[in-house]
Amino acid sequence: MIVGIGTDIVSLSRIQALLMRTAPGRFAARILSPRELADFRGRFSGPVGARRVVQFLGGRFAAKEAAFKAMQPHFHLGWSQVSVLSSASGKPTLVLEREVLASQRIGAAHVSISHDGDYAIAHVVLEGEAASREAMGVPAGNGDTGSYKLS
């Protein structure tokens, strides 16, 4: 059962302007979790085009904002409580801290990130465990009998 949906779009020129005012590493350290920051530093340790750095940070920013919106009004996430990591194929994966999963009874989290021109957009869908219906104020009997686990 879906317990939250969030979407965010960000102007990459806005992210670029932020990066020009502050060091990219400083902005990254503010919005990325420790795991994401390690990934960021690994990806961009050598010579890389500035556009790719802006797209990466803009996509992560949009994904986290979308996750924040999906959790509202039940829980207020901090920047480091949600991570967007990449699978071996490059597909983004949304990872929520254990205490968030447990307290909100989130069974699965899905994220999609896209870039086009000057924009990055992200969409997040959160699925709850079957037992979380009452906690989220959703009436029983909607036909959802399964439970969901993070893969």
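Biologist: Which residues is F40 in contact with, leaving aside its neighbours within four places in sequence?
Modeller: F40 touches A28, L32, V53, F56 and L57. Keep in mind that this is a predicted model.

Biologist: OK. And which residues of helix α3 are buried?
Modeller: E36, L37 and F40 are the buried ones in α3, which spans residues 34-43. They cover an arc of only 100 degrees around the axis, so they sit on the same side of α3.

Biologist: What's exposed on the other side of α3?
Modeller: There you find P34, R35, A38 and G42, which are exposed.

Biologist: Why would residues a few places apart in a helix point the same way?
Modeller: An α-helix has 3.6 residues a turn, so residues three or four places apart point the same way.

Biologist: Back to F40. Which residues touch the most other members of the largest nonpolar core?
Modeller: F40 is one of them, together with I15, L32, L57, L94, V124 and L126. That core has 38 residues in total.

Biologist: Which helix gives the largest share of this core?
Modeller: Helix α4, residues 50-71, with 12 residues.

Biologist: Let me zoom out. How many helices and strands are there in the protein chain?
Modeller: Five helices and five strands. Along the sequence the pattern reads β-α-α-α-α-β-β-α-β-β.

Biologist: And how much of the protein chain is buried?
Modeller: Buried residues make up 43% of its 151 residues. As for contacts between residues at least 6 apart in sequence, 60% join residues at least 24 apart.

Biologist: Now the sheet. What order do the strands come in?
Modeller: The order is β1-β5-β4, three strands in an open sheet with antiparallel pairing. β1 (2-11) and β4 (106-116) are the edge strands, each pairing on one side only. From one strand to the next, the twist averages 10 degrees.

Biologist: How many bridges join β1 and β5?
Modeller: Nine, in the antiparallel sense, with β5 covering residues 119-128. Along that pairing, I5 stands opposite V125, and V10 is opposite A120.

Biologist: And how many between β4 and β5?
Modeller: That pair has 10 bridges, also antiparallel. S112 has H123 as its bridge partner, while I106 is partnered with G128.

Biologist: Which residue takes a positive phi in the hairpin of β4 and β5?
Modeller: G117, with phi near 60 degrees. The hairpin has two residues between the strands.

Biologist: Is β5 mostly covered or mostly open?
Modeller: Mostly covered, with seven of its 10 residues buried.

Biologist: Which strands does α4 lie across?
Modeller: α4 lies across β1, β4 and β5, and runs at about 145 degrees to β1. Helix α1, residues 12-21, lies across β1 and β5. Its angle to β1 is about 65 degrees.

Biologist: Last topic, the aromatics. How many aromatic pairs does the structure hold?
Modeller: Six.

Biologist: And which residues form one aromatic cluster?
Modeller: F27, F61, F68 and W79.

Conventions. Residues are numbered from 1 along each chain as its sequence is written. This is a predicted model: local features need pLDDT of at least 70, side-chain atom pairs count only at pLDDT 80 or more; totals for chains, interfaces and linings use all residues. Side-chain values use heavy atoms; hydrogens and water are left out. A nonpolar core is a set of buried Ala, Val, Leu, Ile, Met, Phe, Trp, Tyr and Cys residues joined through side-chain atoms within 4.5 Å. Buried means under 20% relative accessible area, exposed over 50%, partly exposed in between (1.4 Å probe, protein chains only). Helices (H or I, at least four residues) and strands (E, at least two) are DSSP runs, numbered from the N terminus. Contact means heavy atoms within 4.5 Å. Two strands pair if DSSP finds at least two bridges between them. Axes are lines fitted to C-alpha atoms, for helices over the stretch in contact, and angles run from 0 to 180 degrees between N-to-C directions. Rings of Phe, Tyr and Trp (its six-membered ring) pair if their centres lie within 6.5 Å; planes under 30 degrees apart count as stacked, over 60 as edge-to-face and the rest as tilted. The arc is that of the directions from the helix axis to the C-beta atoms.
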